[in-house]
Amino acid sequence: MVLIIFAVIVFILLCTGLRVVPQSNVYVIERLGKYNRNMDAGLHLMIPFIEKVRRRVTLKEQVADFPPQGVITKDNVGMKIDTVVYFKIADPKLFTYGAENPIMALENLTATTLRNIVGGMELDQTLTSRDEINGRMQGTLDEATDPWGIKVNRVELKNILPPENIQQSMEKQMKAERDRRETLLEAEGHKAAAVTRAEGDKTAMVLKAEAERDAAIARAKGQAESIRLVYEAEAKGIEMLKNAGMDESVLMLKKLDALKSLGDGRATKIVVPTDLAGAASDLTFKTEMLGFGNNTAVDGSAKTTAKASKNDVCCNDSEKSATTLHFASEHEDNEVF
């Protein structure tokens, strides 16, 4: 019976001394009030009534969100800044015995460090230098918390809350800056549009001038080509007449044909070469002798001229009956009607 009771007591003591440590946790064990060891994750056996768990420490990264702290900048602007500290426990023994309340100590250390850093900056620099403030605070806190077994990984400024009047001034300044940018953008847009229109007009004028120049060149070339073709045709005609062996009689008929064309016009004076005048006189004489005076071109022209002279008040009776053609003397080269 005594053995059974003893066995039950031993079993109860063994069950009391068994400890299961979860993952990412460490138990700090004291024996008779003195630090003995750390229990890592797993099953462990403790001596009842002699050893006890002094602190259960987690090795996970922790986040400490501290309330806003009042700070004053270099230009005497009071504001409130709340910070967030990311840390983990690197040494459970130091974390247990290094400070009475390590988290509270970390909060106070964060507030004092923040005041020291922001106190050396102006308001605008504080608002635009978050990364610099975060880096400086992280380095200072990490070094200061080493005796407490804490490793500070990162520090972030969560909010920066300047006074209400400062916020209103900042909003007005921001609005003025946006209005200035809008005005500049509109001016640049108008400038770009005017430059584009001017360049377009310039290009159009240049293209128009080039088109007019090309058209003038084309017209000049066309006229030159036309004149060249006319002279080439005349030269070929003369060459063909020369090759055909034309005699004096054919040339005389050509001259009389030209004289007919001149007689049909409105000219009051016609200059006739001497040889053509002689030929016309001889031809007129022959046609009158044969009775064909009304069928010749020269006589027809003479009748037309005679009718015109008949109605002229400045002409006398002897001139009305005379022929219209008057031929030059032998000493003159040309004759005038």
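In the hairpin of β2 and β3, which residue takes a positive phi? Select L32 to find out: in this hairpin, which has two residues between the strands, L32 has a positive phi near 55°. Keep in mind throughout the tour that the model in your viewer is a predicted one.

**The strands around the hairpin**

Next, select residues 25-31, which make up strand β2, together with strand β3, and you will see two strands that pair in the antiparallel sense over five bridges. To follow how they face each other, pick R31 and look across to K34 in β3, which stands opposite R31. Then move along to V28, whose opposite residue in β3 is N38.

Now widen the selection to take in the open sheet of three strands, where the order is β3-β2-β5 and the pairing is antiparallel. Strands β3 and β5, the latter covering 51-58, are the edge strands, since each of them pairs on one side only.

**The aromatic pair**

The structure holds one aromatic pair. Select Y35 and Y97 to see this pair, which is edge-to-face, with 6.0 Å centre to centre and 80° between the planes. Because Y35 lies in strand β3 (residues 34-39) and Y97 lies in helix α2 (residues 92-97), the pair ties together parts that are 62 residues apart in sequence.

**Charges over rings**

Now select R56 with Y27: R56 lies over the face of Y27, at 5.0 Å from the ring centre. For another arrangement of this kind, select R154 and Y86, where the charged end of R154 sits over the ring of Y86, 4.3 Å from its centre.

**Helix α3**

Finish with residues 102-119, which form helix α3, a helix of 18 residues. From its first C-alpha to its last, α3 reaches 25 Å, which is close to the 26 Å expected at 1.5 Å a residue. Which residues of α3 are buried? Colour P102, L106, L109, T110, A111, T113, L114, I117 and V118 to see them, as these are the buried residues of this helix.

Notes:
Residues are numbered from 1 along each chain as its sequence is written. This is a predicted model: local features need pLDDT of at least 70, side-chain atom pairs count only at pLDDT 80 or more; totals for chains, interfaces and linings use all residues. Side-chain values use heavy atoms; hydrogens and water are left out. Rings of Phe, Tyr and Trp (its six-membered ring) pair if their centres lie within 6.5 Å; planes under 30 degrees apart count as stacked, over 60 as edge-to-face and the rest as tilted. Helices (H or I, at least four residues) and strands (E, at least two) are DSSP runs, numbered from the N terminus. A charge sits over a ring if NZ of Lys or CZ of Arg is within 6 Å of the ring centre and within 35 degrees of the ring normal. Two strands pair if DSSP finds at least two bridges between them. The expected span of a helix is 1.5 Å times one less than its number of residues. Buried means under 20% relative accessible area, exposed over 50%, partly exposed in between (1.4 Å probe, protein chains only).
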